[in-house]
Amino acid sequence: MIVERTNNLFDMDRAALEQLFVRMGEKKFRASQLMKWIYHSYETDFSQFNNFSLKMRSELAEQFTLELPEVISQQESEDGTVKWLLQVDEQNAVEVVYIPEATRGTLCVSSQVGCSLNCTFCATGAQGFNRHLSTAEIVAQVWVAAKMLGHTRTERKITNIVMMGMGEPLANYDRVLPALNIMRDDFGFGFANRRVTVSTSGLVNKIDQLNADADVALAISLHAPNDALRDTLVPLNKKYNIKQLLDACKRFVKDKKKSRITFEYTLIRDVNDRPEHARELVRLLSHVPCKINLIPFNPFPGNAFKRSTAVAVEQFKQICQASQYITTVRKTRGDDIAAACGQLAGDFMDRTRRSASIRQLQLEVV
Ligand code: SAH
Ligand code: SF4
């Protein structure tokens with residue numbers, strides 16, 4: 001499914017490429033041959049595609065592009081986390097973050113420049129919304145990171161992809177879906193379904209659509225055990241409340257059988273981190289097969305919230321675990337390069353329009 005007319009082949013999943021080759025009077029299998037060049041060999045020069053005739057190579061080069069955003073910077077944290085800033089157009093840049101751990105390597109991918117949903121604890125939300133990323137711009141984040149890391153089919157530096165960078169992936173559904181297909185296609189990046197996670201703050205109608213269209217893992221940014229509190233943290237809750245959200249989650253796990261939902265819960269000091277919140281949460285989730293991922297709040301300029309104390313985090317975790325939930329606390333990674341959850345804002349934007357609004361926020365908070 002392609003939203004805009006495009007001639008950038010990075011915008012197209014295998015089904016779209018097959019249609020394109022058939023329209024050109026070629027066989028469908030040309031699509032997988034092309035994908036192997038671009039996703040397995042990182043080759044973007046049509047003239048090098050030596051299993052295509054010279055005529056076809058020049059036809060492709062005349063009619064199509066293989067365009068990738070420019071890498072503006074690469075920053076590496078003391079803990080090994082790497083953040084790349086990709087220039088997607090003259091005014092906008094997005095961030096993609098690689099988080100290496102002992103047994104896996106997670107790539108955190110952005111779906112929009114900014115985000116319109118305005119959760120009160122999120123730097124991306126504070127930035128406002130600039131625009132959706134195209135499929136190519138989403139796929140390019142994986143492509144650039146994979147190439148830079150020396151990721152290959154046999155040496156898999158990236159083992160998991162999470163759509164937890166800038167933006168709300170389900171608000172950009174039609175461009176995100178082909179990107180999810182390319183990530184999971186054997187001729188694309190070849191990630192297993194369960195290793196590609198879509199994180200959403202709760203666009204209920206799109207969760208149902210995703211359920212029908214793609215077998216991926218789902219993470220829900222819950223952050224509060226009741227509507228009154230969630231309304232203040234995630235404004236989208238006023239449109240789709242917790243009951244509607246959990247009903248969609250139940251439909252998702254029912255159809256996907258073995259999968260569980262991950263509920264993400266950012267712990268903000270004295271806001272949503274008390275034992276009574278934890279107890280309310282375990283009651284709330286009792287009918288949804290799930291695990292809980294606690295994220296100690298990551299501060300950013302202009303925001304008055306504070307991270308929960310270590311004691312509060314531990315207490316919250318223990319209450320969840322005592323009710324038999326698999327509960328993890330997300331380690332803060334890449335803090336020194338502003339790469340932690342919720343800190344991504346796109347540095348390039350910071351230097352232009354957004355820096356003014358952040359300064360304004362700081363003035364209001366002080
Ligand atoms: N828009 C999607 C995905 C991007 S945010 C979503 O909201 O799910 C990825 C995760 O980081 C979400 O769970 C989000 O709530 C969380 N997050 C946002 N700001 C944060 C912050 N300042 N500290 C910790 N986690 C944060
Ligand atoms: Fe958008 Fe997610 Fe940030 Fe909310 S937490 S503002 S949905 S990116």
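In this report, Ala, Val, Leu, Ile, Met, Phe, Trp, Tyr, Cys and Pro count as nonpolar, Asp, Glu, Lys and Arg as charged, and the others, Gly among them, as polar. The structure is a predicted model, in which local features need pLDDT of at least 70 and side-chain atom pairs count only at pLDDT 80 or more, while totals for chains, interfaces and linings use all residues. Residues are numbered from 1 along each chain as its sequence is written, chains are lettered from A and ligands numbered from 1 in the order in which they are written, and side-chain values use heavy atoms, with hydrogens and water left out.

The shell of ligand 2 consists of C115, L117, N118, C119, C122, G125, G167, E168 and S201, where a residue is near a molecule if one of its heavy atoms lies within 4 Å of it. By class, this shell around ligand 2 holds four nonpolar, four polar and one charged residue.

An automatic or database domain assignment supplies the domain bounds: domain 1 covers 9-63 and domain 2 covers 70-365. Their C-alpha centres lie 33 Å apart. Contact, meaning heavy atoms within 4.5 Å, joins 13 residues of domain 1 to 17 residues of domain 2. The size of an interface is often given as the accessible area lost when the parts come together. Here the buried area (accessible area, 1.4 Å probe, that two parts lose on being put together, summed over both) is about 1,400 Å², and carbon and sulfur atoms give 64% of it. Y39, H40 and Y42 supply 44% of the area that domain 1 buries against domain 2, more than any other three residues.

| Residue | Loop between | C-alpha separation |
|---|---|---|
| E67 | helix 3 (54-63) and strand 1 (70-76) | 7.9 Å to A136 |
| M164 | strand 7 (160-163) and helix 6 (173-184) | 19 Å to Q87 |

Not counting residues up to four places away in sequence, E67 touches N8 and F10. With the same exclusion, M164 touches C108, V109, T197, S199, A219, E264 and R330.

Technical notes
Helices (H or I, at least four residues) and strands (E, at least two) are DSSP runs, numbered from the N terminus.
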